[in-house]
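Look at the structure, then work through each answer.

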Amino acid sequence: MPHRPHVVAFDVNETLFSLDAIRARLDEMGAPSGTLDAWFGQVLSRGFALAAAGSFAPFRDLAHTTLARMLGDDAAAATSALEAFEELDAHADVRPALERLAAAGIPAVTLTNGHAETTRRLLERADLGHLVERCFDVGAVERWKPAAPPYEYCARECGVSTQELAMVAVHSWDVHGARRAGLVTGYASRHE
């Protein structure tokens, strides 16, 4: 039986925040149907491949170069589409989940392959910032989730063991990586 977590970490993209604003921007630009899903999948697979090879590139860089290539090598169009990251909306179940944790005295944090600063802005925009203590990203360890170092880093920074940290995500690969790193895990099935 897993230990009750002392801290709960949430993935960000698609777990807390919908990527629909980026989909809408791509649709406005006339991008082919399915571009968002193909792009996000390619960014993740490239980040995972780099991590497996012991290398690293920030999400922002991979996201931009991948989308630019998909949009006919149009860097300006990719920049415009990715500006919609600042407009992502929280899923309807996020506030109740964070409020429930706060009421139970369990701190919530985020851990993303993206950027902590973007996460913080999204949380503030959604009036959720007061419910999340800290935002972490993989840049500190230069390894993408689902490799173990990001989860271990998050636990250390929160002052808990990996067994006392929970990871909640809508991506089975994220849940699997967290479980292999020793975390308690929670899977939200909205995405897969």
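Q: At what angle do helix H1 and helix H2 pack?
A: This model is predicted. Helix H1 covers residues 20-28, and helix H2 covers residues 35-52. Their axes lie 9 Å apart. The packing angle is about 120 degrees.

Q: Is H1 oblique or roughly perpendicular to H2?
A: Roughly perpendicular runs from 65 to 115 degrees, and over 145 counts as roughly antiparallel. The angle here is about 120 degrees. H1 is therefore oblique to H2.

Q: How do the residues of the contact of H1 with H2 divide into nonpolar, polar and charged?
A: H1 brings Ile22, Arg23 and Leu26 to the contact. H2 brings Thr35, Leu36 and Asp37. The division is 3 nonpolar, 1 polar and 2 charged.

Q: What kind of aromatic pair do tryptophan 39 and phenylalanine 40 form?
A: Both residues are buried. Their rings sit 5.8 Å centre to centre, with 45 degrees between the planes. Stacked needs under 30 degrees, and edge-to-face needs over 60. The pair is tilted.

Q: What kind of aromatic pair do tryptophan 39 and phenylalanine 59 form?
A: Tryptophan 39 is in helix H2 and phenylalanine 59 is in helix H3, 20 residues apart. Both are buried. The rings are 6.5 Å centre to centre, with 80 degrees between the planes. The pair is edge-to-face.

Q: Which residues form one aromatic cluster with Trp39?
A: The count of aromatic pairs comes to 7. Trp39 belongs to one aromatic cluster.

Technical notes: Residues numbered from 1 in each chain as written. Predicted model: local features only at pLDDT ≥ 70, side-chain atom pairs only at ≥ 80, totals over all residues. Heavy atoms only, no water. Axes fitted to C-alpha atoms, helices over the stretch in contact; angles between N-to-C directions. Helix = DSSP H or I, 4+ residues; strand = E, 2+ residues; numbered from the N terminus. Parallel < 35°, antiparallel > 145°, perpendicular 65-115°, else oblique. Contact = heavy atoms within 4.5 Å. Nonpolar A, V, L, I, M, F, W, Y, C, P; charged D, E, K, R; others polar. Phe/Tyr/Trp six-rings, centres within 6.5 Å; stacked < 30°, edge-to-face > 60°. Buried < 20%, exposed > 50% of the residue type's maximum accessible area, 1.4 Å probe, protein only.
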